[in-house]
Amino acid sequence: MTTGSLGLRSSGSYGSLQPIQNGSICLPIQTTPPFSRKPPKMLKEKDKLFHQIFKFAPRKKVGMLLLCLASLAVFVWVLAVGKGQDARESILSNIRTVPGPLSEEKVSVSETSSSRITEIERSVNVTLPPPPPPVYFTGYKLPPGNPCEHFTLPPPPADKKRTGPRPCPVCYLPLEDAVTLMPNAPSFSPVLKDLTYIHDENLTKSEFGGSEFGGYPSLGQRSDSYDIRESMIVHCGFVKGVKPGHGTGFDIDESDLLEMESCQGVVVASAVFGVFDLIRQPKNISEYSKRNVCFHMFVDEETEVFLRNSSLVGSDNKVGLWRIIVVRNLPYSDPRRNGKVPKLLLHRLFPKTRYSLWVDAKLELVVDPIQILERFLWRKNASFAISRHYKRFDVFVEAGANKAAAKYDNASIDFQIDFYKNEGLTPYSVEKLPITSDVPEGCVIVKEHIPIANLFTCLWFNEVDRFTSRDQISFSTVRDKIHSKTNYTINMFLDCERRNFVVQGYHRDLLEHWSPPPPPPTGGVAQVHPPPPIIITNENPNEPSETILLDNNSMNKAPIKRGKDRKSRRHRKNIAAN
């Protein structure tokens, strides 16, 4: 090929540059993708044309101009004969015409650009550094001089007439301070980091106990669930259906489910099934909590009818602060067992919530929930808090008390206790310290929704689902099994502290048996009149008449004539007692 073959490249170039020298001129020509060759006649005429141009150009000193024109002609020619849009785009991006010799500056610039591209490619291929470790909440200390820093319980009042449980003082931080101390990161979850739940539409009954709602976990699956690992999948209710509350049993309307999923901070929850309790309104709730805390009350259809007939439910489906959540297709026939679903599985019903406070419907909340969380979780660096029983701390004693009070059939309680004994359950002793009790007062649960705390309530619910609904009996077994694998601890605070922020009421059936209070006076100061006395007369006609008056607090006899037939004082007391 002669010097006139400007713009052509051999079939094996793959886009490499082919410099063409003509005297002192070095023309860098970047070749194009292969294309079909022209007939030999056309190439011969083209060689003659270029030969005349290069012969004439030095004489007229217009070489530079002719070179530019030649380059432009080649450019247009390539566009005309190129095959397809892809060939044109490749040519446009690769062909570069230079009207003269390439200077050293341009060579250096090209080398610099090439080196920068190489550096960028190398930096992309470098392995990225590992992500920073997760951040966890590790507790805090109260500032010096804070009244709660060295707060101690005063001795109980010396009242010999009152020996039962009573509230005791609790040092709460002001609401503004409690809000400021709210953790920005979750608490540490020992061992367990990822917890998922079993979904199964084809269920097989286990060896004994269980329900369709709970998924009938086998004894082998039960044992495996106590082998705590970094990632676990366990039974935790709602085994069927798309998501909790949707075709699972314990079904909830879609609008209510969306409302529950939008609750991302703190939820206070309670439940009334079978019109068993009255709805009690929380007191002393701050405006901050009214705006930022979710208050949800779960009721069944029977309770909803009772509330609407009583004109208690507003157009916004609320009764005071409580948003009423109607539950359909209840999984159990026992209302108390149905109540264990929201009590222990709030993390499944509120998947985006950070903290929850469960309050039995018989209780009235009288302290702001943010202050309760600060006092019993954040200040203690705990993720689960529950009060211990005020009187009993041994599971065997608790089981006996349940049988004596007919809380459940005795055979089922005995079977559960024997099963736990075979697994190693022993009576409580000082050897379990610092664990102070094996029996909780389970009407209030304060919880942070982290994996290990969620696992605890899942396994606790599975025990309630398999055995009796008396959750105080199964509490210590679940706690101790998890503690042996993870050293996870639970804050069991005093029962008198619980009675400080909730006031216990009575169930509705008891209230209905009592006579209603008298109507309030129309004006002035209310006067409280004692109830009329109960009159007991002696029905024996052979004995002298004697009338005894009884009031609420004491028994007083009416004055009688003292004569020869008068009875002794001891005899009169016996008559009054009878």
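The dialogue below moves from the whole chain to single residues.

Reply: This is a predicted model, in which local features need pLDDT of at least 70 and side-chain atom pairs count only at pLDDT 80 or more, while totals for chains, interfaces and linings use all residues. Residues are numbered from 1 along each chain as its sequence is written, and side-chain values use heavy atoms, with hydrogens and water left out.

Me: How many helices and strands does the protein have?

Reply: Helices (H or I, at least four residues) and strands (E, at least two) are DSSP runs, numbered from the N terminus. The protein has 19 helices and 18 strands.

Me: What percentage of the residues count as buried?

Reply: Buried means under 20% relative accessible area, exposed over 50%, and partly exposed in between (1.4 Å probe, protein chains only). By this criterion, 40% of the 578 residues are buried.

Me: Which residues touch the most other members of the largest nonpolar core?

Reply: A nonpolar core is a set of buried Ala, Val, Leu, Ile, Met, Phe, Trp, Tyr and Cys residues joined through side-chain atoms within 4.5 Å. The largest one has 49 residues, and Phe250, Ile252, Phe298, Leu455 and Trp460 touch the most other members. Helix H15 (residues 451-466) gives the most to this core, with nine residues. A second, separate core of 41 residues includes Val170, Leu357, Leu363 and Val446.

Me: At what angle do H10 and H15 pack?

Reply: Axes are lines fitted to C-alpha atoms, for helices over the stretch in contact, and angles run from 0 to 180 degrees between N-to-C directions. Helix H10 (residues 335-344) packs with H15 at about 175 degrees, the axes being 10 Å apart. Angles under 35 degrees count as roughly parallel, over 145 as roughly antiparallel, 65 to 115 as roughly perpendicular and the rest as oblique. H10 and H15 are therefore roughly antiparallel.

Me: Which residues of H10 and H15 meet?

Reply: Contact means heavy atoms within 4.5 Å. Arg337, Lys340, Val341 and Leu344 in H10 meet Thr457, Trp460, Phe461, Val464 and Asp465 in H15.

Me: Is Asn454 buried or exposed?

Reply: Asn454, which lies in helix H15, is buried, with a relative accessible area of 9%. Not counting residues up to four places away in sequence, Asn454 touches Leu195, Tyr197, His347, Lys447 and His449.

Me: Where does Lys240 lie?

Reply: Lys240 is in the loop between strand E4 (231-234) and strand E5 (251-252). With a relative accessible area of 21%, Lys240 is partly exposed. Lys240 and Gly214 are 26 residues apart in sequence and 9.0 Å apart in space, C-alpha to C-alpha.

Me: Which peptide bond is cis, and what is the phi of Ala406?

Reply: Most residues other than glycine have a negative phi, and most peptide bonds are trans. The bond from Leu433 to Pro434 is cis, with omega near 15 degrees; Pro434 lies in the loop between H14 and strand E13 (440-448). Phi of Ala406 is near 55 degrees, a positive value in a residue other than glycine. Ala406 lies in the loop between H13 and H14 and counts as exposed at 62% relative accessibility.

Me: Where is Asn487 placed?

Reply: Asn487 is in the loop between helix H16 (471-486) and strand E14 (491-493). Asn487 has a positive phi of about 65 degrees although it is not a glycine, and at 56% relative accessibility it counts as exposed.
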